[in-house]
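Hi there,

Here is the structure I promised to pass on to you. Have a look at it first, and then read my notes below.

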Amino acid sequence: MTTTVAQAPAPAAPPARARRRARFARFSGPLGVRIGLAIVAAYLLVAVLSWFWTPYDPLALAVGDPYGAPSAAHWLGTDRLGADVLSRLMAATRVNLVVMLFAVATGLAVGTALGTLAGYFGGVTDTVIMRILEVFQAFPTLLLAMLVVQAVGPGTVNLILIMAFVGMPPYLRLVRAEVMSRRSWQFAEAARMVGARPMRVAFGHLLPNSIGPVLAYIAVNAAWVSLLTAALGFLGLGLPPGTPEWGSMVARGQDAIMTGQWWVSFFPGLAIVGIAGACYLLGDGLADFLDPRRSS
Amino acid sequence: MVLTVLLLRHALAKSLWALPVAFGVVTVTFFVSRVFAGDPTNLYVPVDADESVRQAIRERLGLNDPLVVQFGHFLAGLLHGSLGESFSTGRDVTVDLWDRMPASLELGLLGLVLAVALGVPGGVIAAVHGERVPDFLVRGVSLAGLALPQFWLGLILVWLFAVQLGWLPGPQGQLPTGMAPPPRITGMILLDSALTGNWATWWAGAQQLVLPVVTLGFTTAAPLARITRTAMVEALGSEYVRTAVAMGHHGWVIPFKYALRNALLPIVTTLGGTVGFVFSGVILLESIFAWPGMGQYALQAIQMSDFTGLQGFVIYAAILHVIAYVVVDVLYLFIDPRTRS
C-alpha cells in the first residue's frame with residue numbers, strides 16, 4: 001500500500017531564517033508600543049513646554065506676513081492672519097491633549113459604572129440603560145456631537161463632556177458583557193455569602209475582574225476622541241473661535257490649499273495623524289499583552 | 001422555501017426590534033433641536049425686523065404651540081411621509097433630501113466598493129503572510145488609514161493632485177463649474193450620463209469623483225483590513241484548514257475558499273456598521289469637495305438652525321443605519337448556517 005500524502009508539510013524553515021523571523025515577530029509587538037509611547041511622551045512634552053514658551057504668542061496675529069512660507073523666523077510658516085503656525089501648533093497640542101485625556105477619563109468612569117450596573121443587576125436596569133444606548137448609537141457620531149455642541153455652546157468643559165458622552169458606549173458594552181458573564185462565578189458568590197452588599201460585589205469584586213478588555217480599548221478611544229475633536233474644530237464647533245486647536249487650524253488653511261500655501265493645513269493635520277497613530281499602536285500592543293492568544 | 005420563510009420571519013422580528021429605536025431617535029432629535037437651536041425666524045427676516053413680524057412667522061410655523069403639540073403635529077406629518085417644511089429652503093424636507101440623495105449615494109457606493117476591494121484582500125494577504133513583509137505593509141497602511149482624518153487627507157490629496165500635479169480637477173462638486181448635468185434619471189452623474197450616451201459629461205464627472213472616492217475608500221478600508229486580518233488569522237489556524245491542507249488543497253484556494261468564508265461574519269458586521277453612515281452622506285468629505293449631497297445639507301441645517309432640515313436628515317440617517325443592521329443580521333443566515341436554528 002503506497003499512499004503518498006498529497007502534500008508533505010512544508011519543510012521547517014532554515015534555522016537562521018526562523019530565528020530571524022522569530023526575533024522580528026517578538027520585536028514588532030513591543031516595538032509598536034515603544035514607538036507609541038515615545039510619540040505620546042513627545043506630545044506631552046510639547047504640551048507642557050507650550051505653557052512656558054512658544055516662539056511667538058500663539059494668539060497674536062500679524063507676527064509675520066500673511067501666508068509666509070516656512071523660514072528661519074517662522075519654522076512652519078504663518079497663516080492667513082499672519083500668526084505663527086508653530087506657536088499655534090504647540091498651544092493646540094496642549095488644548096487637544098487636555099480634551100483627549102479628560103474626555104477619555106470621564107467616558108471610562110461613566111461607561112464602566114453604567115456597564116457594571118447593567119451587567120450585574122440585569123432586568124429593568126439593564127433594559128433601560130441598553131435601550132437608551134441603542135437610540136444614541138443610531139445617530140451618526142459626528143452629527144450627534146455637532147447637535148449637542150450646538151445646543152450647549154462652545155467651551156473646553158462642554159467639549160470634554162460631549163466627547164465623553166459619545167465615546168462612552170463601547171466601555172459600557174464591554175464591561176456589561178464581562179460582568180454579566182461573571183456575576184454567578186464562585187468569587188462573586190463567595191463575596192455575597194460573606195455578606196457583601198450588591199454594590200460592593202458589583203464594583204469591588206466583579207468590576208476589577210472585568211476591566212481587561214476595557215483597558216485595551218482606552219487607547220483606541222483616545223485616538224477616536226482626538227480625531228472627532230479635530231473634526232468638530234474643522235467645522236468651527238466645539239471651542240471658542242480663535243482657540244488654537246488642530247482641526248480649526250486645518251480649516252484656517254483650507255482656502256490656501258488651492259493657491260499652494262500647503263503649510264497652514266499640513267502641519268496641524270500631521271499632528272492629528274501622529275497622536276491618533278500612536279494611540280492605535282499602543283492599543284494594539286495592549287490588546288496583544290492582555291490577550292496572549294491574539295499575538296500567537 | 002424553508003429558508004425564505006426563515007429569512008422573512010427573521011427580518012420581521014429584527015424590524016420590530018428596530019421600531020422603538022427609530023422612535024427614540026425621532027424623539028431625541030425633535031426635542032434636542034427644538035429646545036436648544038437658535039431662532040429660525042432669522043432665516044425669514046433681517047436681524048433688525050420687528051418683533052411682531054417674528055411673532056407672525058412663529059405663529060405660521062406653529063412654533064408658538066406647546067412642544068408636545070408640535071411633536072404631535074410632527075409625528076402626524078411623519079406618518080404621512082412628510083418631514084415638514086425646511087426653514088432655509090422653504091420646501092418639504094423630503095423633497096430636499098430626495099434631491100441630494102443621489103450625490104451622496106454615488107460617492108458612498110463607489111467609496112464602499114473601493115474600501116472592500118482594498119480592505120478584504122489586504123487583510124487576507126496580511127494574514128496569509130503573517131509576521132512577514134506583506135503583513136507589516138498592510139498593517140502599516142491600515143494604521144495610517146485609521147489615524148488619518150478624512151478632511152485632512154482630502155485636502156492634502158487636492159493639494160497634491162489638483163494644485164501641484166494638475167492631474168485632476170479641484171473640489172468643485174460633481175461636475176466642473178459651468179457644465180450642465182445630464183438629464184436626471186437616477187440623479188447619479190455617472191449613471192445618467194452613461195444612460196443618455198453623454199460621454200464627455202461622464203468623463204468629467206468621473207474625474208471629479210476620483211479624489212473624494214479615494215479619500216472615503218482608503219479611510220473605510222483600514223478598519224476592514226484589520227478586522228479581516230484578525231478573523232483570517234484565526235480561521236487559518238483552525239482544524240478545518242489543517243484538514244484541507246492535509247487533503248492536498250494548496251495555493252489561494254485555502255485562504256479564499258475555506259478560511260474567508262468562515263471569517264466573513266466579523267467582516268460583514270464591520271461593513272454593516274459603516275454602510276448606513278456612508279450612504280447618509282459623509283459630512284466632512286462633502287464639505288471639503290463641495291459635494292452637493294445630504295452631508296452638506298445637514299451641515300448647513302445645523303449652521304442655520306434649520307431644525308426641520310436637520311431632524312429630517314437625522315431620521316433618514318438613523319433609518320439607514322437600522323436597515324443596515326437588519327440586513328447584516330439576515331446576511332448572517334446566509335453566511336453561517338449555524339445561525340439558522
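**Where the two chains meet**

Between chain A and chain B, the count is one salt bridge. Its partners are the side chains of B:R226 and A:D284, with 2.8 Å from N to O. Please keep in mind that this is a predicted model.

The rule also finds three residue pairs in polar contact across the interface of chain A and chain B, both residues being at pLDDT 80 or more. Several elements give two or more residues to the side of chain A that touches chain B, among them helix 1 (15–52), helix 9 (212–234) and helix 12 (263–290) of chain A. Helix 12 of chain A gives the most, with 11 residues. Sorted by class, that side of chain A has 29 nonpolar, 10 polar and four charged residues.

How many residues are in contact? It is 43 residues of chain A with 46 residues of chain B. The area buried between chain A and chain B is about 4,100 Å², and carbon and sulfur atoms give 78% of it. In chain A, A:L143, A:L147 and A:I257 lose the most area to chain B, together 13% of what that side buries.

**A helix pair in chain B**

Now look at helix 4 (residues 93–128) and helix 12 (residues 294–303) of chain B, which pack at an angle of about 135° with their axes 8 Å apart. That angle makes helix 4 of chain B oblique to helix 12 of chain B. Residues that meet there include B:L97 and B:M101 in helix 4 of chain B, and B:M294 and B:Y297 in helix 12 of chain B. By class, this contact has five nonpolar, four polar and two charged residues.

Enjoy exploring!

Conventions. Residues are numbered from 1 along each chain as its sequence is written. Chains are lettered from A and ligands numbered from 1 in the order in which they are written. This is a predicted model: local features need pLDDT of at least 70, side-chain atom pairs count only at pLDDT 80 or more; totals for chains, interfaces and linings use all residues. Side-chain values use heavy atoms; hydrogens and water are left out. Axes are lines fitted to C-alpha atoms, for helices over the stretch in contact, and angles run from 0 to 180 degrees between N-to-C directions. Helices (H or I, at least four residues) and strands (E, at least two) are DSSP runs, numbered from the N terminus. Angles under 35 degrees count as roughly parallel, over 145 as roughly antiparallel, 65 to 115 as roughly perpendicular and the rest as oblique. Contact means heavy atoms within 4.5 Å. Ala, Val, Leu, Ile, Met, Phe, Trp, Tyr, Cys and Pro count as nonpolar, Asp, Glu, Lys and Arg as charged, and the others, Gly among them, as polar. Buried area is the accessible area (1.4 Å probe) that two parts lose on being put together, summed over both. A salt bridge is a side-chain nitrogen of Lys or Arg within 4 Å of a carboxyl oxygen of Asp or Glu. A polar contact is a pair of N or O atoms within 3.5 Å; within protein, one must be able to donate a hydrogen and the other to accept it, and residues adjacent in sequence count only if both atoms are side-chain atoms.
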